[in-house]
Amino acid sequence: MRQTPQREGILRALNAADRPLSVEEISSRMGEDRSGLPTIYRNLERFIKEGWAENILGQDQVMRFVRCNTNHHHHHVQCESCGRMVEVDFCGVEDSIRQLEISSGFRITRHQLSLFGLCTDCQSAEKRH
Ligand SMILES: [Zn+2]
Ligand SMILES: [Zn+2]
Ligand SMILES: [Zn+2]
């Protein structure tokens, strides 16, 4: 896939981050390839459609974006203490969703799962206290 400098800059910013970034944060990390926020939004929408990124609405109601390394179905887990986010390359709830389809009569076409917890670093920091 041919990438424009803007697209490369956005992917670089997302790749280098270990947590979801807001559009403003992405813009400030793009350096010379920096472009206007509407352009960044447009590119992010395409990345999401193509499976390169996901959008995550924070508890502060700010929309942030995270890079996905797998383009098949997966989830992310975020540390509530430091904000770090890690991709988990499996789902684990398929069976429950099948049950839900049977009991609701719906055909479930997609789902999102928000997982929060404490990362290993924050767990050991907690133990030290
Ligand atoms: Zn993802
Ligand atoms: Zn943490
Ligand atoms: Zn899933």
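The C-alpha centres of domain 1 and domain 2 lie 21 Å apart in this predicted model. The domain assignment, automatic or from a database, places residues 1-68 in domain 1 and residues 70-129 in domain 2. Across the boundary, seven residues of domain 1 are in contact with seven of domain 2, contact meaning that C-beta atoms, placed from the backbone, lie within 7 Å. On the domain 1 side, three of these residues are nonpolar, one is polar and three are charged. Here Ala, Val, Leu, Ile, Met, Phe, Trp, Tyr, Cys and Pro count as nonpolar, Asp, Glu, Lys and Arg as charged, and the others, Gly among them, as polar.

A word on conventions. Residues are numbered from 1 along each chain as its sequence is written, and chains are lettered from A and ligands numbered from 1 in the order in which they are written. Local features need pLDDT of at least 70 and side-chain atom pairs count only at pLDDT 80 or more, while totals for chains, interfaces and linings use all residues.

I turn to Ser22. This residue sits in the loop between helix H1 (5-16) and helix H2 (23-28); helices are DSSP runs of H or I with at least four residues, numbered from the N terminus. Beyond its neighbours within four places in sequence, Ser22 contacts Val62 and Arg64. Its C-alpha atom is 9.1 Å from that of Val66, 44 residues away along the chain.

Note on methods: Helix = DSSP H or I, 4+ residues; strand = E, 2+ residues; numbered from the N terminus. Contact = placed C-beta atoms within 7 Å.
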